[in-house]
Each structure stands twice: as structure tokens, then as C-alpha cells.
Amino acid sequence: MTIAEQLIIHNDYDLIAAVPDFTAAIMALAERVERQGEPGVLTYRFYACAPDRTARATIIYADPAAWIGHHEISFDWPEMRRLHSVARLRQVTIHGDFTTEIRDWLAKAGL
């Protein structure tokens with residue numbers, strides 16, 4: 001794997017619950033990703049800012065296929081639903097190859 005193959009995702013969230021709720025949700029999700037998730041998830045970092053009620057994530061995947069694998073595995077987990085109950089995804093910035101397979105997965109998921 002080279003850095004050129006990696007996919008770096010930056011998510012911006014609006015918090016719809018308190019920071020401790022977001023922190024608890026993301027800790028539970030991160031623990032499950034580490035235990036049972038896609039091995040191509042290289043880093044999984046989340047940050048919250050209480051004063052402006054926002055949060056951010058930077059996730060590095062080995063390659064675009066790892067992004068798909070991660071979402072195939074985790075999308076229906078209760079931990080992912082919990083994250084979605086405390087934070088609303090506002091924007092996604094993708095650094096790397098935004099493949100046809102990712103576009104197709106997003107369309108299939110209705111996102």
C-alpha cells in the first residue's frame with residue numbers, strides 16, 4: 001500500500017446532542033471498528049467543539065475498497081445509528097480516488 005492509494009475522508013458534523021453524548025457514541029463505534037471492522041481503516045479520529053456544537057472526523061482508509069468495506073460492515077451497527085442520533089453529517093471532503101464503486105455504493109444507500 002502506498003500513500004497514493006489511500007483515501008482520506010474529512011467529515012464535518014453538526015451536533016444534535018451534547019458533546020459527552022457524541023463522545024460516548026464515537027468511543028463505542030471506534031471500539032467496535034477496532035474489534036470487528038474493516039482492516040483497511042488505518043486511522044479513525046474524531047473531534048468535538050462544544051462552543052459551536054460541531055464535530056469533525058478524519059478517517060484514513062488503505063484504499064477506496066476499504067471505505068466500501070467499512071461502510072458495508074458498520075452501516076447498520078447500533079453504534080453507527082447512535083452516532084447518527086447525536087450528530088448530523090454536514091459535509092464530506094474526500095482526498096483521493098472517488099471511485100465509481102464508491103459513487104454506486106452511495107447511490108444504493110440513498111446518500
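The crossing of helix 1 with helix 3 is left-handed, a crossing being so termed if the near helix is turned anticlockwise from the far one by less than a right angle, and right-handed if clockwise. The model is a predicted one, in which local features need pLDDT of at least 70 and side-chain atom pairs count only at pLDDT 80 or more, whereas totals for chains, interfaces and linings use all residues. Residues are numbered from 1 along each chain as its sequence is written, and side-chain values use heavy atoms, with hydrogens and water left out.

Helix 1 (residues 19–36) and helix 3 (residues 78–86) pack at an angle of about 155 degrees, and their axes are 9 Å apart; helix 1 is therefore roughly antiparallel to helix 3. Helices (H or I, at least four residues) and strands (E, at least two) are DSSP runs numbered from the N terminus, while axes are lines fitted to C-alpha atoms, for helices over the stretch in contact, with angles running from 0 to 180 degrees between N-to-C directions. Angles under 35 degrees count as roughly parallel, over 145 as roughly antiparallel, 65 to 115 as roughly perpendicular and the rest as oblique.

To the contact between these two helices, helix 1 contributes D21, F22, A24, A25, I26, A28, L29 and R32, and helix 3 contributes P78, E79, M80, R82, L83 and V86, contact meaning heavy atoms within 4.5 Å. The residues of this contact divide into 10 nonpolar, no polar and 4 charged, where Ala, Val, Leu, Ile, Met, Phe, Trp, Tyr, Cys and Pro count as nonpolar, Asp, Glu, Lys and Arg as charged, and the others, Gly among them, as polar. D21, which lies in helix 1, counts as partly exposed at 38% relative accessibility; the C-alpha atoms of D21 and S85 are 9.5 Å apart in space, although 64 residues separate the pair in sequence.

In helix 3, the residues E79, M80, L83 and V86 are buried, with buried meaning under 20% relative accessible area, exposed over 50% and partly exposed in between (1.4 Å probe, protein chains only). These residues cover an arc of only 125 degrees around the axis, and so they lie on the same side of helix 3, the arc being that of the directions from the helix axis to the C-beta atoms. Their cover includes strand 1 (7–15), helix 1, strand 2 (41–49), helix 2 (64–74) and strand 4 (87–95).

Within helix 4, I102, W105 and L106 are buried, and they lie on the same side of the helix because they cover an arc of only 100 degrees around the axis. On the other side of helix 4, T100, A107 and K108 are exposed, whereas the cover of the buried residues includes strand 1 and helix 2.

Backbone phi values complete the description. Most residues other than glycine have a negative phi, but R53 has a positive phi near 55 degrees. R53 is placed in the loop between strand 2 and strand 3 (54–61) and is partly exposed, with a relative accessible area of 41%. Helix 4 is followed by G110, which has a positive phi near 75 degrees.
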